[in-house]
Amino acid sequence: MSAAPAYSEDKGGSAGPGEPEYGHDPASGGIFSSDYKRHDDLKEMLDTNKDSLKLEAMKRIVAMIARGKNASDLFPAVVKNVACKNIEVKKLVYVYLVRYAEEQQDLALLSISTFQRGLKDPNQLIRASALRVLSSIRVPIIVPIMMLAIKEAASDMSPYVRKTAAHAIPKLYSLDSDQKDQLIEVIEKLLADKTTLVAGSVVMAFEEVCPERIDLIHKNYRKLCNLLIDVEEWGQVVIISMLTRYARTQFLSPTQNESLLEENPEKAFYGSEEDEAKAAGPEAAALPARKPYVMDPDHRLLLRNTKPLLQSRSAAVVMAVAQLYFHLAPKAEVGVIAKALVRLLRSHSEVQYVVLQNVATMSIKRRGMFEPYLKSFYIRSTDPTQIKVLKLEVLTNLANETNIPTVLREFQTYIRSVDKDFVAATIQAIGRCATNIGRVRDTCLNGLVQLLSNRDELVVAESVVVIKKLLQMQPAQHGEIIKHLAKLTDNIQVPMARASILWLIGEYCEHVPRIAPDVLRKMAKSFTAEEDIVKLQVINLAAKLYLTNSKQTKLLTQYVLSLAKYDQNYDIRDRARFTRQLIVPSEQAGALSRHAKKLFLAPKPAPVLESSFKDRDHFQLGSLSHLLNAKATGYQELPDWPEEAPDPSVRNVEVPEWTKCSSREKRKEKEKPFYSDSEGESGPTESADSNPESESESDSKSSSGSSSGDSSSESNAEGQEEEEEEEEEEEEEEEEEGRSSESQRRRRRRRHPDSSSDGDGGSSSRSSESEMTPGSAGEQEGPAAWRRKSPPSSSGAPAAREVSLLDLEDFTPPSVQMVSSPTAVPTSLAADLEGLTLTDPSLAPSLLSPASGAGRQELLHRVAGEGLAVDYSFSRQPFSGDPHMVSVHIHFSNSSDTPIRGLRLGTPKLPAGISIQEFPEVESLAPGESTTAVMGINFCDSTQAANFQLCTQTRQFYVSIQPPIGELMAPVFMSENEFKKEQGKLTGMNEITEKLILPDTCRSDHVVVQKVTATAHLGRVPCGTPDEYRFAGRTLAGGGLVLLSLGIGATGAAQLTISSEKMVIGTLLAKDVVQVLTQ
């Protein structure tokens, strides 16, 4: 091959010997050189029939683009390969085309049929890339093709393609705004998407195309609130911004009736109508008829679901939540954002600048919110000037009579700084504190007068300007200070300071009658050499002294006015002529000259020193307009709160997944056990402990009967139809997948549980469990391994609590589902039994080195689950159904006052490769009772979340489980030589190395091993050297080897090496381990 020698050249496709090097600078001369041979080697490689050469060429071209080099002349050679059958080449071709399709539109149009074929490609990445390239061709003639492609992509099975369709909508809208109606239909369809990947992108499209169509959000409002926590960070910012505007149009202001809310906030939100009626008395009748504020449940939902995002690692997300709380939350709740914003001050200076701009605005209206964090705004010597000035602004806003001594002491140290701009800003801050807090005014004034003897002229000048403003408040008491300032005219050369002194002397010349004429004499001498601003004040001083002391200053005034008459600046010339006509009497003098004293010597109001951020709150916080203090292009005003609340029923949807109990009666019934922990949680247990067995049985029967009645009254025709449709769909799926008749009977039994099971829960649950998991008679008689109940004790006195071996969360038999007999052990042994596992059918216990994974994590909050709280934990035990699956313990607890029936797994919608083995149905969960089920999830060695539905007889809840990377593996035991041998094979891209410093608390043998094994499910490998630790494991799904070694030096410096067959797993694991070890 003639092109072979060129392949070893630089990957950027640099010019050959004898040819000019093409620089980035267009003035470098390269553009005048002949470039007909440029990139010839790449073009030849793209024209070959070998996919390997094409792939190498495309990698080099994409690398050039990444380095900022121009590769547009390769467009014809690249676009020919868009039909290449090699998937890797095709991906890179589309990456190139997305970059250059807009520049080379004519050539891109020639391949439009290939792009259309790409929209039908089985690979989701190719479909998405084809749509991205198609939307990048900015030619109006292909608008119908783009519209058709977007509509098809919006219905694609892949959420990634649907996300790309949402990105293409604003591009098409900017190309042809006449397509708005059709695009709104697509947006409406995508807004109904339940995938977190799509949510942020479609809301961005909504904001670009039709932000005024609030009606599109009504039906999706609750879904967006619930999905928000799982959306990517970019999407979270967009959704929060949109929901802020939505809430301002749909809910009442939480501050409209703040007095009632502050008197009794609990009652205002949770109180019943009866309580309100009792409280209403003659005093209430005297007040104007205004209903007390009760927050809309959807308003509360938004605040509750955004609050956890204050802990986000993204500063943009934290800032978005902070502005949402500032604009939407009651005053009593806004304080939660202060700590999160203070945390952001440890970030980069750019982030600090934006955060401090917003904090400065917030601290004017909500000063108390940031007062506990006053020291966080102290200035460091390493801060840039703009950060220092903003921190000064915040400190000044937070100053009050309590903390002003601390703040002033801090300001004293700032004045010694070498940064002169910062010193000037500090002096202005002292002036503002003196203006706002009367009792320290004299102290500040004396401090500023002392600064007049400073060697630095800029410090003195700024002090003079501030003193001038302070003296205007009470000039009669400070004649000595004015005399002291008059003496400074000989030394100070800063124009603003000289002008301020002259204005003070002229304004209060009656307090210094002897000094003022002498100052005018000196200024008349140097008049021609002064700056314009000083000359104007000299003219003013002359005019005022002429009107009050004409005997001494008449000639001086005429001399100054004569000099000014011929000055080069026309402002000064005009001022001189105007002043002469006003003050010097003449025959032609008009009526104004009689009022010259009133004009020149009128009392002037003292200036009000205000923050520059005072009026910025009319812009939405966190926006570019707020940062610039000017309305930016595309800025949308924050709507005003409505006078009356719009109809909340518009947010009710027919689909039962996202609805919550909206009727007020049901909400009142559930208030006690729902929000009162003491009543709702302790009530059932107390009654269970005190009542005899017969009474507890009758109570359970009556409660089950009432709950079934409630559920039957809640169910409607639509719910029945949906259940029938779901049954038909499930039956079709079962026929297609060829499931056994046993599984079909089990599903039908979940849909229609036998009514007799309500009366005798124990026997029916045992019989159903024995059917589901056939085994020996002993296994059928014993309790289920996945179930952990706390039944009411039969005796009147509470018995001593015993812990069953099966009660331990980390204890799950790998090969059998039932255990023959529960073995009771004392509570003190519970901790010793953690980490035990049964590794063979004989149930002999053996010790496993890593303990259980991370603690419980919340899957469904009891508020969202209407009394059903669900947690999950990774048990790190082999899953009995499939060794490739991760064993997940699901912990259910019922905090409501009615039994929950038919707990089961709905039909999951899982990404490719992920599979779930569901847990057996929990037929009934009594109030106050808890139980545990075991399910298996094959995450396919990825941290993608497994999304599924938790179903009861009446409700469906969408939940998702996202595994930490350390839970996707199992320990492997190997010798030191085997470890070294395998590690030697996994080098290069398969090896991740990180350097870290271990804290003193993390250098002992026990702590290091405990932290590593808690983060990752790995087994320890023996090691001959004391300062090195080795761990090994394999991924559960793929069986890929994961090797971890940690070497620690004498000073705590450590090197972490992770060798993994899958590079992504190694990278993620390294990040987690470093984070744990350095904490």
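Biologist: What percentage of the 1079 residues in the protein chain do buried residues make up?

Modeller: This is a predicted model, in which local features need pLDDT of at least 70 and side-chain atom pairs count only at pLDDT 80 or more, while totals for chains, interfaces and linings use all residues. Residues are numbered from 1 along each chain as its sequence is written, and side-chain values use heavy atoms, with hydrogens and water left out. Buried means under 20% relative accessible area, exposed over 50%, and partly exposed in between, with a 1.4 Å probe and protein chains only. On that definition, the buried share of the 1079 residues is 47%.

Biologist: How many helices and strands does the protein chain have?

Modeller: Both are DSSP runs numbered from the N terminus, helices being H or I of at least four residues and strands E of at least two. Counted in this way, the protein chain has 48 helices and 19 strands.

Biologist: In which loop does Cys-940 lie, and is Cys-940 buried, partly exposed or exposed?

Modeller: Cys-940, although not a glycine, has a positive phi of about 60 degrees. The loop that holds Cys-940 is the one between strand S11 (930-938) and strand S12 (946-951). Because its relative accessible area is 38%, Cys-940 is partly exposed.
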